[in-house]
Amino acid sequence: MPKTTPESCMARALKLARRGLYTTDPNPRVGCVLVKGGRIVGEGWHVRAGEPHAEIHALRAAGEAARGATAYVTLEPCAHHGRTGPCAEALIEAGVARVVAAMSDPNPEVSGRGLTLLREAGAAVELGLLESEARALNPGFIARMSRGRPFVRLKMAMSLDARTAMASGESQWITGPAARREVQRLRARSSAVMTGVESAIFDNSRLTVRADQLGIEGEQGEAIAARQPLRVIVDTRLRLPLAAACLSEPGRTLIVACSQDAERRAALEAAGAEVLIMPSGRDGRVDLAALLDHLAAHEACNEVLLETGATLAGAMLDAELIDEMQLFVAATLLGGEARPLFAIPGLERMAQQRPLLIDDIRAVGHDWRIIARPQRGV
């Protein structure tokens, strides 16, 4: 058996945590490995909210072997009572001698409490091993806990000449099956999928996770698709058609508007929607920052997938509300009359350009995916 090292044990815990990528929402994805005498005696991961945390699964697997062991956990063990008991107390009761956590709890109200509880009980505590990898696993949970707003990931499909649809609005399909499969997985990991009413009208998308398109076979794919993300339609004047496909799908559809048209609101609610009326921003449209704050505070949204057209994408970018872009590029041209990627009014000089930081470029089937971040303060 290969010798275990702290790095290999934490890497294993991170790999376990990734098994909960599509299922733990709104909780974080967490993995735990218990090591004693140079070998793994127990391991586990958090599967879904309301069920035991990763540490509890690992302790149950280890049994009496947990006494004197080292726990490698990707997130600081919790110290508060929620739907499950405090993991820090469970580790103490099991006699775990040492706890190595990749990162502290991002919630400023509870951060450090679990580690303090362990130290006070006599356990050795270390923090920070593979922290960047652990943080990358839970960008939405960290964002919601630390800034009170979800992590917003923009997904767009475009041609090589950066066009997203024909002038008529026709856009299906620019990219191929492999790219669309990746989009399904982005939806599956998200708390909410958000779009603008124009996109909802032209595309009439269901905005759902579909088991047959995930590329994950069997019961696992069915289980992932069973948890549908919240569908959010930004619809300032309540224009969404009553026959829109998203209104008849499983799960919830939230229409966010500024309109006081009570009759139209009642009709949409009768069609299956929930309607949220919010104050308008300076442009008379939905205040997008306030909407994201609401999604974090009232819907516990960690990651929001923005699938929309140029107008809403441009408004979100202009307001600095996008954290990551996943741009799928097809080897095709749509021409100068087709619709652009972003509508950002007022850009007239090179000094006003919006630079991006590119994190990754790779092939996805016959298309390419660019993962980029807006460069702040430039």
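Trainee: Let me start with Cys246: is Cys246 buried or exposed?

Mentor: Buried means under 20% relative accessible area, exposed means over 50%, and partly exposed lies in between, using a 1.4 Å probe and protein chains only. Cys246 has 2% relative accessibility, so Cys246 counts as buried. Keep in mind that this is a predicted model, where local features need pLDDT of at least 70 and side-chain atom pairs count only at pLDDT 80 or more, while totals for chains, interfaces and linings use all residues. Residues are numbered from 1 along each chain as its sequence is written, and side-chain values use heavy atoms, with hydrogens and water left out.

Trainee: Thanks! How many disulfides are there?

Mentor: A disulfide is a pair of cysteine sulfur atoms within 2.5 Å. By this rule the count is zero. Cys32, for example, is in no disulfide, and the nearest cysteine sulfur, that of Cys87, is 8.5 Å away. Cys32 is buried, at 0% relative accessibility. As for Cys246, the closest cysteine sulfur belongs to Cys301 and is 16 Å away, which is too far for a bond.

Trainee: Now the inside of the protein. Which residues have the most contacts inside the largest nonpolar core?

Mentor: The general idea comes first: a nonpolar core is a set of buried Ala, Val, Leu, Ile, Met, Phe, Trp, Tyr and Cys residues joined through side-chain atoms within 4.5 Å. Here the largest one has 42 residues, and Met10, Leu34, Leu59, Tyr72 and Leu118 have the most contacts inside it. Among the elements that each supply at least two residues of this core are helix H1 (6-17), strand E1 (31-36) and helix H2 (54-62). Helices (H or I, at least four residues) and strands (E, at least two) are DSSP runs, numbered from the N terminus. The largest share of the core, six residues, comes from H1. Another core, of 35 residues, lies apart from this one and includes Cys258, Val304, Leu306 and Leu321.

Trainee: What is Tyr72 in contact with?

Mentor: Contact means heavy atoms within 4.5 Å. Leaving aside neighbours within four places in sequence, the partners of Tyr72 include Pro6, Met10, Val33, Val100 and Leu129.

Trainee: And the charged residues? How many salt bridges does the structure hold?

Mentor: Side chains of opposite charge can pair when their charged atoms come close. A salt bridge is a side-chain nitrogen of Lys or Arg within 4 Å of a carboxyl oxygen of Asp or Glu. This structure holds 22 of them.

Trainee: Where do Glu303 and Arg189 lie?

Mentor: Their side chains meet in a salt bridge of 2.9 Å, N to O. Glu303 lies in strand E12 and Arg189 in helix H7 (residues 177-189), so the pair ties together parts that are 114 residues apart in sequence. Glu303 is buried, with a relative accessible area of 1%, and Arg189 counts as buried at 15%. Both belong to a network of salt bridges that also links Arg29, Arg153 and Glu324.
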